[in-house]
Amino acid sequence: MSQDTISDILTCIRNADMAKKETVRIGFTNIAEKIVKILLREGFIKNTRKHRENQKSFLVLTLVHKRSRKENYIRNRNKSSRTPFHLKRVSRPGLRIYSTYQKIPRILGGRGIVILSTSRGLITDREARLERVGGEILCYIW
């Protein structure tokens, strides 16, 4: 793991999704827990649980797959119809990106989400617009 824990979280989820894994295990930190709660609430992951092993805590995430493998085979004859899970890190340790609530970008016309770090904690772009608060843009998810 590097110094940028948010990038590590997003990379683990992205890699597990591309490898079509059902579950992924990420290291437990407070910010990881908050990001996972947002992903769970927005429907990007199915389930999460905390797991402790040898004095280390992990979050085990169950990823959402649009259709099962059998349904994909029957419908498309080996062509996968599920869309990949896109995660993009925006603000990083070398270049912080901040935005007011009026200038927060809309991802895919509102179908995707933007996770922001604000004075009120980690929130999505919709919540930031409702509460009229800006902050650091952490990542885009669609």
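## Surface and overall make-up

The accessible surface of the protein is about 9,000 Å², and carbon and sulfur atoms hold 49% of that area (Shrake-Rupley method, 1.4 Å probe). The model is predicted: local features need pLDDT of at least 70 and side-chain atom pairs count only at pLDDT 80 or more, while totals for chains, interfaces and linings use all residues. Residues are numbered from 1 along each chain as its sequence is written, and side-chain values use heavy atoms, with hydrogens and water left out.

Of the 142 residues in the protein, 39% are buried (under 20% relative accessible area, 1.4 Å probe, protein chains only). Among contacts in the protein with a separation of 6 or more, 58% are between residues 24 or more positions apart (contact: heavy atoms within 4.5 Å).

## Secondary structure

The protein has four helices and eight strands, in the order α-β-α-β-β-α-β-β-β-β-α-β from the N terminus. Helices (H or I, at least four residues) and strands (E, at least two) are DSSP runs, numbered from the N terminus.

Strand S7 (residues 121-124) runs antiparallel to S6 and is joined to it by four bridges; DSSP must find at least two bridges for two strands to pair. The two strands form a hairpin, with two residues between them. Ser117 has Leu122 in S7 as its bridge partner.

## Nonpolar cores

The largest nonpolar core contains 25 residues, and those with the most contacts inside it are Ile13, Ile26, Leu39, Leu61, Ile115 and Ile141. A nonpolar core here is a set of buried Ala, Val, Leu, Ile, Met, Phe, Trp, Tyr and Cys residues joined through side-chain atoms within 4.5 Å. At least two residues of this core come from each of helix H1 (5-18), strand S1 (23-27), helix H2 (30-42), strand S3 (56-63), strand S6 (113-118) and strand S8 (135-141). This core lies between domain 1 (1-65) and domain 2 (86-141), because both give residues to it; the domain bounds come from an automatic or database domain assignment.

Apart from its neighbours within four places in sequence, Ile13 is in contact with Val24, Leu39, Leu61, Leu63, Phe85 and Leu87. A second, separate core has ten residues, including Ile107, Val114, Leu116 and Ala128.

## Ser7 in helix H1

Ser7 belongs to helix H1 and is buried, at a relative accessible area of 19%. Its side chain makes a polar contact of 2.5 Å with the side chain of Asp4. A polar contact is a pair of N or O atoms within 3.5 Å; within protein, one must be able to donate a hydrogen and the other to accept it, and residues adjacent in sequence count only if both atoms are side-chain atoms.

Technical notes: Buried < 20%, exposed > 50% of the residue type's maximum accessible area, 1.4 Å probe, protein only.
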